[in-house]
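Dear colleague,

Please find the structure below, followed by a short account of what was found in it.

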Amino acid sequence: MNTVSPYILLSAILFSMGVIGFLTRRNAIMIFMSVELMLNSANLAFVAFAHQWGQLDGQMFVFFVMAVAAAEVAVGLALIVTVFRSKKSANVDDLHQLKG
Amino acid sequence: MQEHKIVAPILEFLLKSVVLILIALTGFAYTTLLERRFIARLQARIGPNRAGPQGLLQPVADGLKLIVKESITPALADKFVYFLAPAIAVVPALIVFAVIPFGSGPLFSLMGDLNIGVLYVLAVLSVGVYGAVLAGWASNNKYASLGGLRASAQMISYELAFGLSLVAVVLMASSASLNDIVKYQQPGNILGWLIFRQPIAAGIFAICAMAELARAPFDLVEAEQELTAGFLTEYGGMKFALFYMSEYVKMIAMSALFATFFLGGWSGPFVNEFPVLSLVYFAVKVLIGLLIIVWVRATLPRFRYDKLMAFGWKALLPLSLANVMLTALLIVLGVY
Amino acid sequence: MTSELIVFIVLAIISVLAAVGLLSSRNAVYAALFLILNFATVAVLYLMLNAPFLAIIQISVYAGAIMVLFLFVIMLLGAERLNQAAPQPGLRWQRPLAIGLGALLLIQAAYVFITRFNSTTVAPNLIQAGPMEIGLKLFGPYLLPFEVTSILLLVAIIGAVVLTREK
């Protein structure tokens with residue numbers, strides 16, 4: 001293949017599915033997984049563009065996105081654990097009160 | 001023309017892979033026998049010696065027994081994951097061998113020249129934890145769940161120091177290809193081996209390898225006094241055999257990796273004149289590694305769980321970080 | 001049909017099916033497994049796009065660390081049953097709207113894709129991005145972002161420790 005268009009299309013499909021998951025699910029863990037799916041599809045687009053232009057800069061961005069994703073998951077899962085301890089549920093609708 | 005260029009390498013890889021897997025599986029069978037005989041000697045017993053001369057047919061008997069056992073599935077288990085977990089445990093253990101060079105020259109390694117070889121090893125080993133975690137979850141048994149949780153916590157903790165000890169090796173060899181690391185240790189005498197030039201990294205690697213294998217003294221995952229058999233509690237027959245296989249194949253892989261990274265791999269006297277000798281040297285080094293792993297199991301008592309985690313995070317991780325910094329400093333100063 | 005295209009189509013189908021599985025599964029552990037499958041197929045796509053280093057990092061960071069952490073938390077909390085609770089009374093319009101917006105996003109992307117199909121070709125200077133090439137970039141032009149990332153990771157570590165500490 002001398003074009004990267006299919007990769008971009010796949011990336012768009014996966015990103016849209018991540019958006020749908022993020023907006024429809026009520027469980028905090030599922031919402032997090034949808035965010036990971038979106039980040040991952042963006043990474044795929046970055047690598048495809050890097051391939052298209054024969055430059056490494058797109059790959060560098062993926063490297064940084066992965067580091068940020070790892071940091072995000074560490075904090076996010078810590079939040080979920082804390083919320084679960086007080087609410088006994090990971091449902092985001094149960095978090096409509098500002099006081100813990 | 002084009003077809004031949006694609007088909008020939010694929011055939012070569014396929015053949016080599018099949019041979020490699022056969023060797024790994026035979027090695028697994030005889031490692032179990034080796035362990036049982038050797039540990040018996042250390043405990044002043046005799047060990048299994050009835051099946052065949054010196055008990056050499058014992059692995060065959062064990063295999064037959066496990067195959068004909070009744071396959072039991074717990075009623076409340078998650079069936080699909082329960083059957084998937086043993087397969088997931090075996091695959092990473094087997095595919096680590098893809099990048100290990102067994103002898104000099106391209107004939108004796110599958111992908112030894114891969115320039116991301118060390119990263120490949122780390123990635124594959126980090127995926128290995130899924131077998132234990134999923135088995136623990138799918139069994140729907142409290143001992144199994146605790147075993148699975150312990151497995152994931154332990155392996156994540158020790159992976160960090162494991163990876164950092166390899167960073168020092170990669171810094172020294174200035175390559176992440178396992179072939180280059182072996183060649184870096186080859187010239188000159190035995191002092192070229194990285195175990196003498198990177199003793200801290202070698203020590204950390206050995207300890208973390210034991211922890212990754214979840215063998216004594218780090219076998220809290222299946223500590224029988226507290227957790228019956230941990231994540232293995234609900235497994236029997238061939239599914240148990242697969243877990244058993246993954247443990248022993250991983251043991252061989254770890255021993256081979258230690259030999260490659262720190263004991264000069266296949267290098268030794270006269271390898272350039274007689275390439276077959278390199279295979280012998282490598283096999284001997286791996287065998288010595290296996291005997292030491294068994295010896296440690298027979299000697300050391302089990303860690304307490306909180307001490308195990310504290311040791312990983314508070315002792316090994318800072319030490320390995322300091323070692324990486326020291327190595328980098330010495331390379332910049334031109335000492336290495 | 002080149003062999004590369006066939007491999008791509010197979011991988012694309014697997015990864016989309018895995019994403020569907022992630023969205024539709026009622027069990028958090030299965031959802032995590034589907035996501036791991038998706039990450040693995042994307043790692044193979046990276047290999048096809050001349051990014052072997054990123055492919056391996058993808059496996060060891062996403063599959064080996066992030067998803068193990070997810071599974072660990074799901075098992076620790078015993079939160080694998082995802083009972084789809086009824087939404088808050090005032091939020092019933094939310095789900096159809098969300099699906100509509102997601103579909104709109106996809107249609108938009110597909111429109112751009114169809115109008116610009118094959119308009120760009122791959123640059124001739126293909127490079128295999130091994131660890132050395134990535135390292136030279138990382139400690140050359142990208143040194144500052146790299147250091148900032150390390151601070152970000154430190155902040156995340158401290159945050160995670162503070163959040164989960166028992167009072």
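This is a predicted model: local features need pLDDT of at least 70, side-chain atom pairs count only at pLDDT 80 or more; totals for chains, interfaces and linings use all residues.

B:Ser174 counts as exposed because 11 C-beta neighbours lie inside 10 Å; a residue is called exposed if 12 or fewer other C-beta atoms lie within 10 Å of its own, buried if 20 or more do, and partly exposed in between, with C-beta atoms placed from the backbone. B:Ser174 is found in the loop between helix 6 and helix 7 (178-185) of chain B. Although B:Ser174 is not a glycine, its phi is positive, at about 45°. Most residues other than glycine have a negative phi.

Residues are numbered from 1 along each chain as its sequence is written, and chains are lettered from A and ligands numbered from 1 in the order in which they are written. Helices are DSSP runs (H or I, at least four residues), numbered from the N terminus.

B:Ala44 also has a positive phi, of about 55°, without being a glycine. B:Ala44 sits in the loop between helix 1 (2-42) and helix 2 (58-68) of chain B, and it counts as exposed because it has 6 C-beta neighbours inside 10 Å.

Turning to the interfaces, 18 residues of chain B are in contact with 16 residues of chain C, where contact requires C-beta atoms, placed from the backbone, to lie within 7 Å. On the chain B side, helix 4 (117-127), helix 5 (129-138) and helix 6 (142-173) each supply at least two residues. The largest share, 6 residues, comes from helix 4 of chain B. This side has 13 nonpolar, 5 polar and no charged residues; Ala, Val, Leu, Ile, Met, Phe, Trp, Tyr, Cys and Pro count as nonpolar, Asp, Glu, Lys and Arg as charged, and the others, Gly among them, as polar.

Within helix 4 of chain B lies B:Leu122, which is buried because 22 other C-beta atoms are within 10 Å. Leaving aside neighbours within four places in sequence, B:Leu122 is in contact with B:Gly163, B:Leu166 and C:Ser60. B:Leu122 and B:Gly163 are 41 residues apart in sequence, yet their C-alpha atoms are 6.7 Å apart in space.

The contact between chain A and chain C takes 60 residues from chain A and 72 residues from chain C. Helix 3 (57-87) of chain A is one of the helices that supply at least two residues of the chain A side, and helix 3 gives the largest share, 21 residues.

Yours sincerely

Methods
Two residues are in contact if their C-beta atoms, placed from the backbone, lie within 7 Å.
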